[in-house]
Amino acid sequence: MLLLWIVGVIVLSQKKILCYSLISISGWLFAAYLMFAHLSNDRDFINDKITENAYNIVSQSLQDKKTDPEIVAQIQDWFAKGWTAQTGSVTTICDNDRDKLKQILSDSAIVTICRLRI
C-alpha cells in the first residue's frame with residue numbers, strides 16, 4: 001500500500017513538473033514574441049526618422065524643379081559636383097525608404113536616381 005502511494009506521488013510530481021515546465025516555457029516564448037514585436041516597431045520608427053531629415057533636405061533643394069527630367073538632371077548635377085548634403089540625403093533615402101520619394105517623383109525616376117549613387 002505504501003509502495004502504491006509512493007508511486008502515485010511520483011507520478012503526480014512528474015505531472016506537476018511537466019505542467020510547471022510548460023507554464024514556464026510558454027512565459028519565455030511569450031516574452032520573446034513581445035521583444036521581437038517591440039524591436040520591429042523600433043526598427044520601423046528609426047527608419048522613418050532617418051529618412052525624414054534626408055527627405056526634407058532633398059525636397060527643399062528641389063522645390064523649384066517640377067518635372068522628373070528636371071529633378072533627375074539636378075540630382076545628377078549634385079553627384080557630379082559632390083554636394084554631400086544632398087547626395088548623402090539621396091543615398092539615405094534610397095537605402096532606407098524609397099517610397100518617401102514618391103511624393104515628388106515617379107517610380108522610374110526613383111530607380112534612376114537611386115542608381116546614380118552607385
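This is a short tour of one predicted model, stop by stop.

Numbering runs from 1 along each chain as its sequence is written. The model is predicted, and local features need pLDDT of at least 70, side-chain atom pairs count only at pLDDT 80 or more, totals for chains, interfaces and linings use all residues, and side-chain values use heavy atoms, with hydrogens and water left out.

Stop 1: Helices are DSSP runs (H or I, at least four residues), as are strands (E, at least two), numbered from the N terminus.

**Stop 2: Phe30.** Phe30 lies in helix H1, residues 2-61.

**Stop 3: Lys100.** Move to the loop between helix H3 (84-96) and helix H4 (107-116), where Lys100 is found. Is Lys100 buried or exposed? Lys100 counts as buried because its relative accessibility is 13% (buried is under 20% relative accessible area, exposed over 50%, partly exposed in between; 1.4 Å probe, protein chains only). Now show its surroundings. Beyond neighbours within four places in sequence, Lys100 is in contact with Asp48, Thr51, Glu52 and Tyr55 (contact means heavy atoms within 4.5 Å).

**Stop 4: Ala73.** Select Ala73 in helix H2, residues 68-81. Ala73 is partly exposed, at 39% relative accessible area.
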